[in-house]
Amino acid sequence: MNSSLCDDAASRGEKARVLVVLPMYGGSLPVGRYCVDALRNLGHTVEVFEAPDFHSAFSALKGLRVTTDRLEYLENSFLQVVSQAVLAKVETFEPDLVLALAQAPLSRQALKRLRRDGVATAMWFVEDHRLFTYWRAFAPYYDFFAVIQKDDFLDKLEELGVEGALYLPLAALASFHKPVDLSPVEKRRFGADVSFMGAGYPNRRLAFRQFTGYDFKIWGTEWEGEPLLQRHVQLGGARVSPEDAVRIYNATRINLNLHSSVHTSELVGRGDFVNPRTFELAACGAFQLVDERSLLPELFACDELVTFSSVEELHGLIRDYLEDEEARQAYALRARERVLREHTYEHRMQALLDFVRAKRPSWPAVRRTLESALHGAQLPSELTAELGQLLESLGLPADASFDDLCWAVRQRKGTLTELETALLFLQEWKKQYA
Amino acid sequence: MKKALVIQLARFGDIIQTKRLILTLIGRYDEVHLAVDSSLVPLARLVYPQLCVHGLAAHRGAGSPAEVFAASRMLFGRLASERFDAVYNLNFSRLNFSLSALFDADSVRGYAMRSGQPEVPLWARLAFRWTRKRRIAPLNLVDFWAYFARNPVCAGEVNPVAARGGGGIGVVLAGRDSRRSLPPAVLAACVQAVFEGTGGPAITLLGTAAEKTLARQLMRHFSGPMVERTVTLAGKTGYSDLAEVVGTLDTLITPDTGTMHLAAHLGTPVQAFFLSSAWCFETGPYGMGHRVWQGLVQCSPCEENRPCPVSVACLAPFADKRFLQVLAGKAAEAYPEHLSGLVSMFDAVGVTYLPVFGEDMAAPERRELRRLVAEHVCPETANAGAGLIGLSAMQDMTLQDSLGRFLFSESDWMLDAAGRDFPDVADVPGFC
């Protein structure tokens, strides 16, 4: 048997099985998908709970035109069903960790069940805790609660008795957020001197009124009712795909990055957390002007990002940098290098799993290798070779665990080959007679 | 050339109980294959000489994991290369589900794996529901499996009518679960009654090597003439020898065992003792002319794996003198309580059991449930209101209403699952 297939299980204890529970919709949905990619890139076995598939049914409830108490009852009942579906997935996949993104449909009852069953749960709450205050009702039910804010939020979590809280800033997915070659048509379509990509929050609406004299494109939703900006809003305010966002970042000379605020008293909010756009723009090698955030200096140096603290200052910076391509490129390059070095989703997932491992010494569970599943017996050489090819085609490392191999086989669509079927048959045979 | 594969990974008796389905498929496909556990290949070849039988490592003791894996890989390669038009996957087990992944899910009747998701067809889901009320079980297992194909061969074509073979009495010492078997003293009295009632013929004791002690214990209770006429074959017969012996008997006295089904397959009259978790309406001998003695107490049939809280009360009637009189063929002044004597018969659905004595309070409900099930699998018969033994033309609509709600769930009504039950309906000729 190929020795690479037979490594001691203990030497592979670092790899985990992670079930990522996506939200049904919203800003944390793409972040969840990036986490999936990052975990896979790190060699972990990942299964995804595709909550967005349930969204249409959920939306249908809202279209019923029934009394509010009845609608609330129906929505809660529906969410309980979806939670049960997550539990069923856990039962089948047997993950080492259930990673939920903000708004993931996991009820408190389901979280209690997972804790009782000893399944580690983590929430990456990629929201502003001051706006989304419901975190209080859920945080104590997660074993690990990762947040994008520090200080008072971590203190509050500690007061609530949440022991597994950690600061985990947002990031970029280097394989996706990257410099791209654009055709002349794409450059025309997506390019501009100045662009903004994001939703039309009140502070942005007011601030951007001052830039209507520029070749200025606004991309994203919720810009209705802003006559001064209408001619700048692209695609009629339609949602922009993540792929097109990357093209926009790449095609734009100056990307504005003004963090959102529902308040209009202060257009530049000087808040704490750093939004995903900051990392994504940097990873794309795109130049950005970003508002000052209290947590930004520890993530990027001042020669990596150009910041502003007022709309007036932003105005001046736009004028300066539109004329200075060399400076733009230098900042963009340094920012991209910083992201690749420290701020990818792979880094974040590694940090999260390291945190979990530190809190739970025997985590993740050591799983059987194929060799141990076969009790160390030799297989015919041609069968060993076939297995090697299968691992390669599944994109699994040669030392993948037996259960991970079987799981990957189960993900295949349509009929399975005789080798794949024999693996599943062996797994069931062992379950039955072990 | 049209080919079908039947996957039957259960035990001795189950392989024989697949017969009605297999005979149906033999009439519809050019080539029929059967996959069974390796240990049962000789039996399968004996019972179905016309089939291509494949053995796979489905049971405990099939070898080391590496051996199981290598052998499975090799066999699955052969099965895949056969390119079956239909695969009948009959057991609700993880092994069956995993094996079904080898085939196009649309070609699988029974338990299938569709893109990693195990699927239970509506027909099997109905059966799961009616097994929640086993007392009113409407269908024999042979017929349940047969109806994985639409319009199976007539029940009467499956096994020969039971007829004496001249070889005396065969006695199966025990079944797999000891609680379902008669203890030696009780069994000896029953054998003696039959022995005396049939003029003292030869007695052949049948069983595994592990039951040799049981044979000795049984014979201690035999009278001298019985001992003289008794031969013990426990542990001495392979499937072929067993079939040879059983096929010549006048009658086989047995609990619910694989040998009982072998006797029915061969047309040897069966006198079967059903008690504890054994329930003749589910797994009674298939064919015309067999007799079943069914223990019938409040908790019959019980769950096999749960301890008995009433000291196996269903055993007592088998030791009742009135029962022994019946066994001996003497006119009985009164019948024993908590026991039902039944004979096997056919109706348009399949095998059924008619009571000769003993009152089965669940009979009306079972009858109506059978009518509902018949509507599902052979609507022509059920709608005609004919051919169902024991079913009156008048239907109990109140009972049918409550049983309908018991049998059919909301998901049957709302989700499109029924269509997958009989995908081969188009190529089936007339109804028998």
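Here are a few worked exercises on the structure above.

This is a predicted model, so local features need pLDDT of at least 70 and side-chain atom pairs count only at pLDDT 80 or more, while totals for chains, interfaces and linings use all residues. Residues are numbered from 1 along each chain as its sequence is written, chains are lettered from A and ligands numbered from 1 in the order in which they are written, and side-chain values use heavy atoms, with hydrogens and water left out.

**Exercise 1. Find which residues have the most contacts inside the largest nonpolar core.**

Step 1: A nonpolar core is a set of buried Ala, Val, Leu, Ile, Met, Phe, Trp, Tyr and Cys residues joined through side-chain atoms within 4.5 Å. Buried means under 20% relative accessible area, exposed over 50%, and partly exposed in between (1.4 Å probe, protein chains only).

Step 2: look at the largest one. It has 130 residues, and B:Phe69, B:Tyr88, B:Trp123, B:Trp130 and B:Phe144 have the most contacts inside it. Helix 17 (residues 418-433) of chain A gives the most to this core, with eight residues. (Helices, H or I with at least four residues, and strands, E with at least two, are DSSP runs numbered from the N terminus.)

**Exercise 2. Work out how strand 12 (residues 270-274) of chain B sits: is it enclosed or open?**

Step 1: check burial. Five of the five residues are buried, so strand 12 of chain B is largely enclosed by the rest of the structure. B:Val270, B:Ala272 and B:Phe274 cover one side, with B:Gln271 and B:Phe273 on the other.

Step 2: check its neighbours (two strands pair if DSSP finds at least two bridges between them). Strand 11 (residues 251-254) of chain B pairs with strand 12 of chain B in the parallel sense over three bridges. Strand 13 (residues 291-295) of chain B also runs parallel to strand 12 of chain B, joined by four bridges.

Step 3: pick out facing residues. B:Leu252 stands opposite B:Val270, and B:Phe274 has B:Gln294 as its bridge partner in strand 13 of chain B.
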